[in-house]
Number of protein chains: 2
Amino acid sequence: MRIDGKEAARLLLAQDSFLVFSHKNPDGDTIGSAFGLIHALRALGKQVAFRCQDPVPKKYSYLTQGYQDDPVENPYLVAVDLADPQLFGSTLQEYPEKIDLCIDHHISNKEYAKHLALDAEAPACAQLMLEVIEAMGVEISPKIANCLYTGLCTDTGCFLHSNVTAKCHRVAARLIEAGADFVKINTLLFSSKEKNRLALEQEAISGLEYAFEDRMALLLITQKMLNAHGLTPQELEGLSQLPRQIEGVEAGVTVTEQPNGDYKVSLRTAETVSANEIAGELGGGGHPRAAGCVLKGSWQEVRQTLLDAVGRRLKG
Amino acid sequence: MRIDGKEAARLLLAQDSFLVFSHKNPDGDTIGSAFGLIHALRALGKQVAFRCQDPVPKKYSYLTQGYQDDPVENPYLVAVDLADPQLFGSTLQEYPEKIDLCIDHHISNKEYAKHLALDAEAPACAQLMLEVIEAMGVEISPKIANCLYTGLCTDTGCFLHSNVTAKCHRVAARLIEAGADFVKINTLLFSSKEKNRLALEQEAISGLEYAFEDRMALLLITQKMLNAHGLTPQELEGLSQLPRQIEGVEAGVTVTEQPNGDYKVSLRTAETVSANEIAGELGGGGHPRAAGCVLKGSWQEVRQTLLDAVGRRLKG
């Protein structure tokens, strides 16, 4: 049943014991919104425990520092930023059908929960969570503000993406006034670069290859580069955006050599080119503007495969 | 004489003919604030012309498209985001002492104008300009909103920097509601890169120097690099953020060799170090976290001067 944030607050106020769920491979919004709620429920003297299939990524550890689950009995089950039962992950597959309340902002929500508070206009679940917490009459502490601000800025790319709204800037203002340490959070999430990551980027960009009158850009990260800078492919988050951001580039391709010698390919495209069609042709898939695949062979073979596949689309 | 935004509005309303000045090497805030004012004055039927020593950078051309100076007679002289007479540039050196009104947000403002409306809490001059324009009773058109949003997001790095405030988010909300095309502006200013700019960055970063246990990072852009990539110092906006963004760096220094052989220094600092104190010591000025100066001499001399000045602060 669809409900609004105020009704969600009433349901939460009526309970004493909670399990709060975040989605697998958690990001700043699912973690920030969940912990914002957890701190608010605890401020009301309630018992809360947290469930997520995967550990909280190190970069968001400031949100969970010192946190410990309460013992919970016959808990009320709340899913946060969790649009689809599959996103609970395989180890929590017993829960989706039992969820009492889902608080979410994905228009694609599968409506699996008994009650669903959904704001599809909200760029981040954290924006709706602020409404729920305020409707519960809980003061927005700096701790809660940090959680919700993290959600808001994660999902908007720090107010850069097209999902930003006037309301979302007002929510940011509210959270800053409530004591969100936005300087620390922005710096941590958006403007810090490790020295070795910068050095690796510099090395990779020096070998950046353009093709088809600069409409394609191809960035290769080799195992040798990763080893030289003490990095793993998992630590390259965001780098695959780079080739496509270059002016005039319609197909940006980032290739990362894996420890087993495979080449992991990330495609980012302008509206003129379908990334998932190219990736699909090469055995992968994804979204229209962002897709990927894995290729085997020598770099020269992989490079030629990519030039051929992208070239056909650019000419077509 | 110090005045507030409302008094500035009263002074502007009393005049019919204006020259509006932006600082040399103009950025998005001085251009956006100046053109926001220009459109507002024209909406009131006034005659306005614009003066800036240097041409408007190509990336901001969307703000000045189709713009032409009005003929002005005995104009009232307004300086925008112009903290220091020197920033008018050598070709406009006759003007600073004649300026009737300066609208600015730099705490280091030299108070050279007859009247000064200064809001040192505003992260961008555009924030104060919105107050001035609203106090004049002018409706914020989408055109004005684009100008002021450009100023706001330029000077805050799209709401990323430590100068951001709750108020500045509220101003952004107001400008988005007034029709600012923030998606286009954000993409243009913050998520696209020219090919030659990327290549220059790559070359400069390969020479990045660390000092004081990596607490200082020093990036040099030479005329030779600029020439090799067909760029001017004015086209490097934003690059000065980079050294400071490296994890652990408290003082990020970007030095750009000018066509006349001078070295233009941009300082960006963590809260542990005062950028404007360092810049002030070296004959410049600015904000606590972002300041600048110009140094003469050989690169080796300039480099040593900077290492000494920053080193003293890091040790102090």
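# Packing angles and burial

Biologist: Helix H2 (residues 28–43) and helix H4 (residues 142–156) of chain B have axes that come within 7 Å and cross at roughly 160°. What makes H2(B) roughly antiparallel to H4(B)?

Modeller: Angles under 35 degrees count as roughly parallel, over 145 as roughly antiparallel, 65 to 115 as roughly perpendicular and the rest as oblique. The crossing is at roughly 160°, so H2(B) runs roughly antiparallel to H4(B). The axes are lines fitted to C-alpha atoms, for helices over the stretch in contact, with angles from 0 to 180 degrees between N-to-C directions.

Biologist: And where do these conventions come from?

Modeller: This is a predicted model, in which local features need pLDDT of at least 70, side-chain atom pairs count only at pLDDT 80 or more, and totals for chains, interfaces and linings use all residues. Residues are numbered from 1 along each chain as its sequence is written, chains are lettered from A and ligands numbered from 1 in the order written, and side-chain values use heavy atoms, leaving out hydrogens and water. Helices (H or I, at least four residues) and strands (E, at least two) are DSSP runs numbered from the N terminus.

Biologist: Which hand does the crossing of H2(B) and H4(B) have?

Modeller: Left-handed; the term applies if the near helix is turned anticlockwise from the far one by less than a right angle, with right-handed for clockwise. Among the residues making the contact are B:Gly32, B:Phe35 and B:Gly36 of H2(B), with B:Ile144, B:Cys147 and B:Gly151 of H4(B). Contact means heavy atoms within 4.5 Å.

Biologist: How does that contact divide by class?

Modeller: The contact of H2(B) with H4(B) has five nonpolar, eight polar and three charged residues. Ala, Val, Leu, Ile, Met, Phe, Trp, Tyr, Cys and Pro count as nonpolar, Asp, Glu, Lys and Arg as charged, and the others, Gly among them, as polar.

Biologist: How do you know that H3(B) and H4(B) are roughly antiparallel to each other?

Modeller: H3(B) and H4(B) pack at about 150°, with axes 8 Å apart. That angle therefore makes H3(B) and H4(B) roughly antiparallel. B:Ala126, B:Gln127, B:Met129, B:Leu130 and B:Ile133 in H3(B) meet B:Ile144, B:Leu148, B:Gly151 and B:Leu152 in H4(B). This contact divides into seven nonpolar, two polar and no charged residues.

Biologist: Why is H3(B) called largely enclosed by the rest of the structure?

Modeller: Buried means under 20% relative accessible area, exposed over 50%, partly exposed in between (1.4 Å probe, protein chains only). In H3 (residues 125–135) of chain B, eight of the eleven residues are buried, so the rest of the structure largely encloses this helix. Those buried include B:Cys125, B:Leu128 and B:Val132. Then comes B:Gly137, with a positive phi near 80°.

Biologist: Over to chain A. What makes H3(A) oblique to H5(A)?

Modeller: H3 (residues 125–135) and H5 (residues 166–177) of chain A pack at about 55°, with axes 10 Å apart. That angle makes H3(A) oblique to H5(A). The crossing is left-handed. A:Gln127, A:Leu130, A:Glu131 and A:Glu134 in H3(A) meet A:Lys167, A:Cys168, A:Val171, A:Arg174 and A:Leu175 in H5(A), and by class the contact has four nonpolar, one polar and four charged residues.

Biologist: Now single residues. Why does A:Gly32 count as buried?

Modeller: A:Gly32, which is in H2(A), has 0% relative accessibility and so counts as buried. Apart from neighbours within four places in sequence, A:Gly32 is in contact with A:Leu63, A:Cys147 and A:Leu148.

Biologist: Is A:Thr64 buried or exposed?

Modeller: A:Thr64 is buried, because its relative accessible area is 18%. A:Thr64 is in the loop between S3 and S4 of chain A.

Biologist: Which class does A:Lys264 get?

Modeller: Partly exposed, since the relative accessible area of A:Lys264 is 43%. A:Lys264 belongs to strand S10 of chain A.

Biologist: And what about A:Glu213: buried or exposed?

Modeller: Exposed, because the relative accessible area of A:Glu213 is 74%. A:Glu213 also has a positive phi of about 55° although it is not a glycine.

Biologist: Why is B:Phe159 counted as buried?

Modeller: Relative accessibility is 0% for B:Phe159, so B:Phe159 counts as buried. Its phi is positive too, about 70°, though B:Phe159 is not a glycine.

Biologist: Which residues have the most contacts inside the largest nonpolar core?

Modeller: B:Phe159 is one of them, as is A:Leu175, in a core of 121 residues. A nonpolar core is a set of buried Ala, Val, Leu, Ile, Met, Phe, Trp, Tyr and Cys residues joined through side-chain atoms within 4.5 Å.
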